[in-house]
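Let's walk through some labels together and check each one against its cut-off. Here is the model to keep in view.

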Amino acid sequence: MMNKEEKNAKIRKMVKKGAGISLCAVLAGGLAAGAFEGVNAMTGWNHTDVNAAVQSDDVKLTKTKIELTDSKEEKEDTETRVKGGLDVSDIVDEAMPSVVSITTKSLEEVQSYFGFYQYGNGRSYAPQQEVEGSGSGIIIGKNDESLLIATNYHVIEGAETVSVSFIDGSSLEATVNGYDEDRDLAVVSVPLDDISKDTLDEISIATIGSSDDLKVGEQVVAIGNALGYGQSVTTGIVSAKNRRLDDSAQIVDEDDEDGVNLIQTDAAINPGNSGGALLNMNGEVVGINSAKLASTSVEGMGYAIAISDVSDVLEKLMNETPRDKIEDGNHGILGITGATVSDEAVELYGMPAGVYVKEITEDGAAEQAGIKANAIITEFDGKRVKNIETLVDLLEYYAPEEEVEVTYEVVDGESYKEKTVTVTLGKNTENDKKDTREEKDDADEEESTDNLFEDWENNK
């Protein structure tokens with residue numbers, strides 16, 4: 001049995017030992033903090049930089065899973081979901097809420113019983129019918145007003161209306177935010193106020209992965225609205241990387257700057273899949289399904305746009321301001337008569353691709369901005385212009401008196417010189433007003449490559 005003095009000595013010894021342990025813990029914590037600050041000093045990282053990035057007004061592509069309702073956001077914000085080697089069904093469960101079906105309606109010229117053109121009131125016109133198209137899209141972000149969805153440009157090209165269907169079957173009208181025709185990309189938006197709370201609970205923003213980290217032979221999953229029947233799933237492997245296709249869907253040299261960097265896969269990609277997601281086995285988007293090499297002698301050659309190569313383009317399109325089409329021919333005009341520079345003229349004579357300005361309206365918008373006949377318009381408000389149809393379609397979204405930057409090229413010795421001017425768009429008069437179809441008909445009047453080049457040569 002211990003006496004009272006021995007017990008007190010033992011207690012003092014335990015207290016001293018505990019104090020020593022506490023001091024060690026404090027020192028260890030201080031060393032860890034000091035090491036962390038040291039790493040910060042060496043790398044230049046600091047807390048202010050992170051806050052500055054978070055406070056940016058621009059919408060960014062997300063690299064981690066984000067849900068759309070507050071309750072789910074709070075739940076997901078507390079942890080980063082790290083996945084790897086998931087079963088295909090797990091990937092589908094995670095990714096399907098972020099993939100949508102897209103339906104478009106457009107007007108298409110058709111040949112009538114009496115021929116392609118009909119006549120009336122002294123003028124010819126092409127009969128038209130409404131055509132429905134289908135594609136897919138990926139929910140890639142949101143801002144204060146809208147849900148943002150990526151798709152292919154060819155899915156929404158020429159569309160009069162664009163509708164988006166979510167995983168719960170609800171459908172809403174969408175607006176085209178912006179597009180990049182050369183890269184076959186577009187972003188459409190749906191107002192958040194139009195989306196019900198129930199739908200917001202069901203859908204999610206896709207997680208963006210790295211296409212650069214993909215390996216040939218790695219398994220991938222494709223999700224999309226195949227043949228317009230609704231969402232379906234196919235699987236395959238990465239057959240090849242860094243494939244490049246030109247505008248005519250022909251494979252070009254890997255170093256060709258005009259080609260779009262593509263992932264080749266043997267996962268089935270059919271009409272309607274365009275704009276859908278190609279996913280790695282972590283359930284991350286690594287590609288946007290875009291094209292299929294169709295041939296009776298070829299199978300299992302589908303293509304997806306490599307996501308890492310176009311993330312900056314998508315972010316730019318996400319942050320563009322959507323425009324509504326101006327009805328009844330009241331949109332602004334350039335005051336030119338133009339024709340498409342043909343592929344033959346580009347290839348044989350080295351002419352820039354774009355719209356050849358044949359004539360200038362006196363005192364019109366183009367003339368006042370300094371554009372002259374024989375110029376070739378290549379960009380309108382930062383958007384690539386490859387043909388007269390694109391230019392006419394773009395003008396339908398701009399009002400008279402609106403200022404727009406127009407880029408064009410003119411002959412400068414043996415080469416071409418690029419110029420950019422600000423054009424204040426003109427207004428149609430009652431006598432000059434035409435509907436969009438008639439403008440296109442006039443502009444699409446057939447002209448041989450030789451005649452176009454002859455005009456260019458004579459007037460340069």
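**Labels and their cut-offs**

Q: Why is Asp-182 called partly exposed?
A: Asp-182 has 26% relative accessibility. Buried means under 20% relative accessible area and exposed means over 50%, with partly exposed in between (1.4 Å probe, protein chains only), so Asp-182 counts as partly exposed.

Q: What should I know about the model and its numbering?
A: This is a predicted model, where local features need pLDDT of at least 70 and side-chain atom pairs count only at pLDDT 80 or more, while totals for chains, interfaces and linings use all residues. Residues are numbered from 1 along each chain as its sequence is written, and side-chain values use heavy atoms, with hydrogens and water left out.

Q: What makes the contact of Asp-182 and Lys-386 a salt bridge?
A: The term asks for a side-chain nitrogen of Lys or Arg within 4 Å of a carboxyl oxygen of Asp or Glu. Between Asp-182 and Lys-386 the N to O distance is 2.9 Å, so the pair meets the definition.

Q: Why does this pair tie together separate parts of the sequence?
A: Asp-182 sits in the loop between strand 8 (171-180) and strand 9 (185-191), and Lys-386 in the loop between strand 22 (383-384) and helix 10 (388-395), so the parts joined are 204 residues apart in sequence. Helices (H or I, at least four residues) and strands (E, at least two) are DSSP runs, numbered from the N terminus.

Q: Is Lys-386 buried or exposed?
A: Lys-386 is buried, because its relative accessibility is 18%.

Q: How do you know that Lys-325 and Glu-396 form a salt bridge?
A: Their side chains meet at 3.3 Å, N to O. Lys-325 lies in the loop between helix 7 and strand 18 and Glu-396 in the loop between helix 10 and strand 23, so this pair ties together parts 71 residues apart in sequence. Lys-325 is partly exposed at 22%, whereas Glu-396 is buried at 3%.

Q: Which residues are linked in a network of salt bridges?
A: Glu-160, Lys-325 and Glu-396 are linked in such a network. The structure holds 9 salt bridges.

Q: What makes the phi of Asn-374 worth a look?
A: Most residues other than glycine have a negative phi. Asn-374 is not a glycine, yet its phi is positive, about 80°. Asn-374 is in the loop between helix 9 (365-369) and strand 21 (376-380), and at 16% relative accessibility it counts as buried.
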